[in-house]
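Welcome! Please take a moment to look over the sequence and the model before reading on.

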Amino acid sequence: MKIEMVDLKGQYSKIQNEIDFEILECIRSANFINGPSVTEFSKNLSDYLGGIYVIPCANGTDALQIAMMALDLKPGDEVIVPSFTYVATAEVIGLLGLVPVMVDVDPKHFNITCENIEKAISSKTKAIVPVHLFGQCADMESIIEIAKKNGLYVIEDTAQAIGAKYTFADGTTKHAGTIGDIGCTSFFPSKNLGCYGDGGALFTQNPILAEKIKMIANHGQSKKYVHKFIGVNSRLDTIQAAVLNIKLKHLDEYSLARNKAADSYDNLLSNVKNLQIPNRTLKSTHVFHQYTVLINENKRDALKDYLEKKNIPAMIYYPIPLSEQEAYSSLGIIAENLNVTKRLCKSVLSLPMHTELTLDQQVYITDAIKSFLNN
Ligand SMILES: *Cc1c(COP(=O)(O)O)cnc(C)c1O
């Protein structure tokens with residue numbers, strides 16, 4: 001049985017005619033930069049997210065950098081980030097001369113916790129970057145409350161959670177990425193809404209900020225050859241926007257397919273010794289960018305090797321805490337001990353998760369896991 005960690009070929013085969021046609025159209029029109037599909041995609045994604053400004057850019061890492069530039073964060077300013085995340089979140093903070101303050105996460109849902117944020121706030125803190133890890137929102141209502149109380153910006157890293165919805169105490173719901181001052185996402189091919197190369201976007205409700213973000217992403221240009229800010233060159237290619245316009249129509253169906261696969265894993269893996277299935281919070285839907293189980297620390301690496309021998313891919317997101325990375329160890333201020341992160345790095349294992357996963361494949365995967373862990 002051939003099992004992919006992410007089956008992009010299988011997904012493509014179902015939308016191939018439309019994709020091939022639209023990509024060829026871009027090439028025939030030679031409208032490679034800022035072609036009509038870029039504007040169209042911004043509008044479509046804005047509608048999908050409930051009417052927010054959407055500014056496309058070249059990738060998710062750029063989105064985070066542009067967000068921090070647009071909020072005028074200055075060298076020495078402290079930005080609170082979870083210690084258990086992809087490196088991009090902290091990278092742009094360091095790149096801009098800001099100080100990443102890494103705080104520990106919750107052992108159940110792996111997201112940043114409000115207790116840890118509050119302990120990490122100092123007179124230099126300017127922003128919080130919650131990451132909606134693996135497809136489930138951090139506790140945004142409480143994070144926004146803390147931010148308001150302390151005069152801080154909130155930049156959501158929603159690279160893994162596009163399509164997820166957060167429910168507030170009063171019952172209203174909002175899309176991941178549309179709750180803080182700015183939301184940042186990535187369209188990297190394996191993300192839940194992925195294009196066929198690099199891509200990203202920023203979201204904001206604030207029209208002035210939206211205008212500034214647009215300028216910064218385009219060399220700080222207010223009109224042609226007039227530069228109001230120092231900016232960057234960060235664009236979404238027309239071809240990528242054309243792909244995204246097609247895939248956006250399927251995003252909810254893709255999230256459903258991931259949820260169905262997650263439910264099957266939950267059933268197949270309930271009551272397995274030395275294995276804990278992922279926790280789901282009540283306040284957020286889960287779009288399962290990753291299906292990540294916890295394995296007894298002494299068995300995790302051996303299980304991964306065992307699965308590999310059976311041609312079952314599995315990945316460790318993430319093997320090393322940010323605070324222990326050479327590039328960040330001297331730069332970051334670590335708010336307190338990061339025991340949960342350290343434990344997670346030794347015990348997490350992400351199983352194949354994508355829109356094309358079949359129950360047969362999942363039975364094969366979970367049978368292998370069970371036969372290893374029950375021995
Ligand atoms: C993928 C990812 C990014 C970076 O996105 P790129 O498009 O690869 O630059 C940032 N943060 C998180 C949490 C991610 O998963």
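The paragraphs below go from the whole chain to one of its sheets.

A word on the source: this is a predicted model, in which local features need pLDDT of at least 70 and side-chain atom pairs count only at pLDDT 80 or more, while totals for chains, interfaces and linings use all residues. Residues are numbered from 1 along each chain as its sequence is written, and side-chain values use heavy atoms, leaving out hydrogens and water.

Let us begin with the overall shape. The chain has 375 residues and a radius of gyration of 21 Å, which agrees with the value near 21 Å for a compact globule of that length; the radius is taken over C-alpha atoms, and the globule rule is 2.2 Å times the number of residues to the power 0.38. Along the principal axes, the C-alpha atoms fill a box of roughly 70 × 55 × 45 Å.

How much of the chain is buried? Buried residues (under 20% relative accessible area, with a 1.4 Å probe and protein chains only) make up 55% of the 375.

Now for the elements. You will find 13 helices and 15 strands, which are DSSP runs numbered from the N terminus (H or I, at least four residues, for helices; E, at least two, for strands). Eight strands form an open sheet with mixed pairing, in the order β1-β9-β8-β5-β4-β2-β3-β14. Its edge strands, β1 (53-57) and β14 (333-334), each pair on one side only; two strands pair if DSSP finds at least two bridges between them. Strand β3 (residues 99-103) runs parallel to β14, joined by two bridges. M102 has I334 in β14 as its bridge partner.

Methods: Buried < 20%, exposed > 50% of the residue type's maximum accessible area, 1.4 Å probe, protein only.
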